[in-house]
Amino acid sequence: MKQLKVVQTFLSRFLILFLNFGLVIFSTNMWGSEGKGAISMVIANVALVSFFSSIFSGSSTSFFAKKFATEQVLVYSYLWSLITGLSIPFVFGFAVPGQQFMLYFVLISVFSSLLSANINLFIGTQNIRFFNLYTVLQQLLHVIFLAVLIFLVDLKDVSVYFLAQVLCLASLFIFSFFQIAKKCDFKSLKLSKTVFKEMFHYGWKTQLSAFLQFLNYRLSFYFLERFEGLSAVGIFSIGITFSEAIWTITRSIAVVLYSEVVNSVTKAESVLKTKNALKVSFSLMIIFILGIILIPSDVYTLIFGNEFSQTKKIMLLLAPGIFAIAVSDMIGYYFSGIKELRILNIKALVGLVITVGFSFYAIPKWGIPGACLVTTFSYCASAA
């Protein structure tokens, strides 16, 4: 694995981590636990849509970036992104009435899917520099647009968070599209059944495991909202935000690993690269988890507000699961890169069964600590 790519990706993810925490701290202090809960639910819903759109715009785009013409890969990614981004939110809204931020839900779903296609194309062509640039800009521009809308335009409602995100995603998609379009020959574009079938076949298998894993990660939000209310979701989401922030560090290595496994000549070469990535990931996880656990509980309250006094307890309960998933995800990227997707589906299904089975008991009985225990048990089981 090329060390420069790993270092660049690590630094970009560290910057994303910093910006993400800035957004979390600002949103919790600006809108409280209920506002943070509303943001977390919309983001969870968008993530749900993205697993359908990513059948074409996700790892399928990366995998076939060098195997088919770029314009052939992108046309299916873009069309599928529009179809799923426009239709699934409305189906979701019909199934779950009272979606307060439906317009933003739709716009964020569409533009995040379109941008995802471009970013995944960079991964597939081993253009890690642009991948890092656009992933950092997603956070940076979001912060800039949010600051402008709040402090200059004087918009204070929680919906401004989503408006800033829409402006950010739309801008980045347009910039990246024109960057990619320079190397494409759209005039001679011909739709290919072979490209469609190959992308769909690979994509749905990859996204099945990702979708099951998403449910494993996010079902606790829906159970908490049902049994404890939106405020509980906001409080619990801080722990999940910390988890995903830690995972961005190891996934920075995993993205480079995936790009190189996809383009590796032999299986032995892929295995060696995966082992090296695992060693680095394991070491980093120990450092970051110990760091978060050692932070005094008063610091969390000082940063996020009095409503978030349980954050230290949440992090202690989630720590074993965070570590387990971080390490197992590295192996998951290897299996995805060599098209051995069955193990990923089994992993995700095991965790999902545990999450659903125990949430009905633990969350109504113990509330947020119950959600933490279910999450950790699920993470550890699926990783094993």
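Rings of Phe, Tyr and Trp (its six-membered ring) count as a pair if their centres lie within 6.5 Å, and planes under 30 degrees apart are called stacked, those over 60 edge-to-face and the rest tilted. In this structure, Phe56, Tyr76, Trp80, Phe196 and Phe200 form one aromatic cluster. The model is a predicted one, in which local features need pLDDT of at least 70 and side-chain atom pairs count only at pLDDT 80 or more, while totals for chains, interfaces and linings use all residues. Residues are numbered from 1 along each chain as its sequence is written, and side-chain values use heavy atoms, with hydrogens and water left out.

| Aromatic pair | Distance between centres | Angle between planes |
|---|---|---|
| Phe56 and Trp80 | 5.1 Å | 50° |
| Phe122 and Phe130 | 5.5 Å | 35° |

Accessibility is described here as buried (under 20% relative accessible area), exposed (over 50%) or partly exposed (in between), with a 1.4 Å probe and protein chains only. Phe56 is buried at 0% relative accessibility, whereas Trp80, at 22%, is partly exposed. Both Phe122 and Phe130 are buried.

The structure also holds two salt bridges, each being a side-chain nitrogen of Lys or Arg within 4 Å of a carboxyl oxygen of Asp or Glu. One of them joins the side chains of Asp154 and Lys156 at 3.6 Å, N to O, and Lys156 is partly exposed at 42% relative accessibility. Glu269 and Lys273 form a salt bridge at 3.0 Å, N to O; Glu269 is partly exposed at 30% relative accessibility, while Lys273 is buried with a relative accessible area of 14%.
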